[in-house]
Structures are given as structure tokens and as C-alpha cells.
Amino acid sequence: MNGGWDTGTWEEATWDYVTPLVEVDTHDGDYLKKKFAKEIADKARRKAEIVYAFEKIVEGRPDVAKEIAEPFMETRAATLPAIDYDRMLEDLDRVQRIWELHIELDDEDVLALL
């Protein structure tokens, strides 16, 4: 460096080096993208399994299914009631009850086939 660090003059000062840029690669590539996509797909698959189990309960025991889904019934059209599955699946007790009834109905189906 030219100039006067020790003389106090800065007019002729030049830098002899450039501060190196540190480049940190934090890119994980497709690993995280695939991992998150798999988690989303697994969540959707589990939700679909529970909805399928509820539909089997509706076929096998409509009175129990009505009791489970009663607080989540909505009227979307003038004649057709609909169930808000997202709200219903947030209640873990109901999900557990649906799954237990589904397993019980499957056991009954297997025993009927024997």
C-alpha cells in the first residue's frame, strides 16, 4: 500500500489486496425437495386412508358414522349435506374412533368370510 498510514495522508493510499469473499454452499440439492414432497404425499395418503375408513363405516354402521360426523356437517347446496373432512380429521379422538371402528368392521368381514 502506498500512502501514509503512519503519516496520516490518504490521498495516495491504494489497497494491495482485496478482501476474499467466502462462499458457503448451503444448497442441499434435490434431497430436501424430495424429502418434503414425500412428507406431503405421506400426509395426503394417511388422510385418504382415514377418509376411506370413514366411508366404510358409513356403509357398515351409518348410525355410528352420523354420530361421529354430526358436528362437522355443512350444507353446501340446498339439498346435499357435506362433511368438512379437514375439520373432522383435526380431532384426534374422532380419528382414533374411526380407525378402531374400521378395524372392527374389517374383522367382522373376515369372520363372515370364514
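Let me start with a term: buried means under 20% relative accessible area, exposed means over 50%, and partly exposed is in between, with a 1.4 Å probe and protein chains only. By that cut-off His-102 is buried, because its relative accessible area is 9%.

Now the ground rules. This is a predicted model, where local features need pLDDT of at least 70, side-chain atom pairs count only at pLDDT 80 or more, and totals for chains, interfaces and linings use all residues. Residues are numbered from 1 along each chain as its sequence is written, and side-chain values use heavy atoms, with hydrogens and water left out.

The overall layout. The protein chain has 4 helices and 2 strands. These are DSSP runs, numbered from the N terminus: H or I of at least four residues for helices, E of at least two for strands. In sequence order the pattern is α-α-β-β-α-α. Of the 114 residues, 18% count as buried. Contact, from here on, means heavy atoms within 4.5 Å. Take the contacts between residues at least 6 apart in sequence: 49% of them join residues at least 24 apart.

Back to His-102. His-102 sits in helix α4. Leaving out residues up to four places away in sequence, His-102 touches Tyr-52, Ala-53, Lys-56 and Ile-57.

Next, helix packing. Two packed helices are described by the angle between their axes and the distance between the axes. Axes here are lines fitted to C-alpha atoms, for helices over the stretch in contact, and angles run from 0 to 180 degrees between N-to-C directions. Under 35 degrees counts as roughly parallel, over 145 as roughly antiparallel, 65 to 115 as roughly perpendicular, and the rest as oblique.

First case: α1, residues 30–60, and α2, residues 62–69. Their axes come within 6 Å and cross at roughly 130°. So α1 and α2 are oblique to each other. On the α1 side we have Phe-54, Ile-57, Val-58, Glu-59 and Gly-60; they meet Pro-62, Ala-65, Ile-68 and Ala-69 in α2. By class, that contact has 7 nonpolar, 1 polar and 1 charged residues. For the classes, Ala, Val, Leu, Ile, Met, Phe, Trp, Tyr, Cys and Pro are nonpolar, Asp, Glu, Lys and Arg are charged, and the others, Gly among them, are polar.

Second case: α2 with α4, residues 92–113. The angle is about 165°, and the axes are 11 Å apart. That pair is therefore roughly antiparallel. Val-64, Glu-67 and Ile-68 of α2 meet Arg-94, Arg-97, Ile-98 and Leu-101 of α4. The class count for this contact is 4 nonpolar, no polar and 3 charged residues.

Now the rings. How many aromatic pairs does the structure hold? It holds 1. The ring centres of Phe-54 and Tyr-85 are 6.1 Å apart with planes at 80°, so the pair is edge-to-face. The rule: rings of Phe, Tyr and Trp (its six-membered ring) pair if their centres lie within 6.5 Å, with planes under 30 degrees stacked, over 60 edge-to-face, and the rest tilted. Phe-54 is in α1 and Tyr-85 in α3, residues 85–90, so-called distant parts of the chain, 31 residues apart. Phe-54 is buried at 2%, whereas Tyr-85 is partly exposed at 25%.

Last stop: Glu-70, in the loop between α2 and β1. Glu-70 is partly exposed, at 44% relative accessible area. Glu-70 and Ile-83 are 13 residues apart in sequence, and 8.5 Å apart in space, C-alpha to C-alpha.
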